[in-house]
Amino acid sequence: MNKEKFYQSLKNRLKNFDKSEAKSIIEYFDEIIDEKMENGYTEEEAISSLGNVDDIIRAIKTDLVIKRSS
């Protein structure tokens, strides 16, 4: 999967999130992907290393619940 498809998939699943939270999440993953590519990963390898988008969204939701309850 390339960045464009990854971000589109991520954005589709972030539609119910606050816009600023969604933007921060996209920027976070953009930094991670760029860093991995700087370290020799291909774009596809960098994205693949992040895992399944559904799993990413579940982890994000869990993190946000914990963050909001703190």
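Does Lys3 count as buried or exposed? Keep in mind that this is a predicted model. Select Lys3, which lies in helix H1. With a relative accessibility of 18%, Lys3 counts as buried, because the cut-off for that class is under 20%.

Now show what surrounds this lysine. Leaving aside residues up to four places away in sequence, Lys3 touches Asp30, Ile33, Asp34, Met37, Glu43 and Ile47. Zoom in on Asp34: its side chain makes a polar contact with the side chain of Lys3, at 2.5 Å.

Next, select the whole of H1. At the start of this helix, look for Asn2, where a side-chain oxygen comes to within 3.2 Å of the backbone nitrogen of Glu4. Then colour the buried residues of H1, namely Lys3, Phe6, Tyr7, Ser9 and Leu10. Turn the view to look down the axis of H1: these residues fall within an arc of 160°, so they line one face of the helix. On the other side of H1 you will find Glu4 and Lys5, both exposed. The buried residues pack against H2, H3 and H4.

Stay with Leu10 for a moment. Beyond residues up to four places away in sequence, Leu10 touches Ile25, Ile26, Phe29, Val53, Ile56 and Ile57.

For the last stop, bring up the largest nonpolar core, which has 19 residues. Phe6, Leu10, Leu14, Phe29 and Ile60 touch the most other members. Helices H1 (3-13), H2 (19-38), H3 (43-48) and H4 (53-69) each give two or more residues to this core, and H2 provides the largest share, six residues.

Conventions. Residues are numbered from 1 along each chain as its sequence is written. This is a predicted model: local features need pLDDT of at least 70, side-chain atom pairs count only at pLDDT 80 or more; totals for chains, interfaces and linings use all residues. Side-chain values use heavy atoms; hydrogens and water are left out. A nonpolar core is a set of buried Ala, Val, Leu, Ile, Met, Phe, Trp, Tyr and Cys residues joined through side-chain atoms within 4.5 Å. Buried means under 20% relative accessible area, exposed over 50%, partly exposed in between (1.4 Å probe, protein chains only). Helices (H or I, at least four residues) and strands (E, at least two) are DSSP runs, numbered from the N terminus. Contact means heavy atoms within 4.5 Å. The arc is that of the directions from the helix axis to the C-beta atoms. A polar contact is a pair of N or O atoms within 3.5 Å; within protein, one must be able to donate a hydrogen and the other to accept it, and residues adjacent in sequence count only if both atoms are side-chain atoms.
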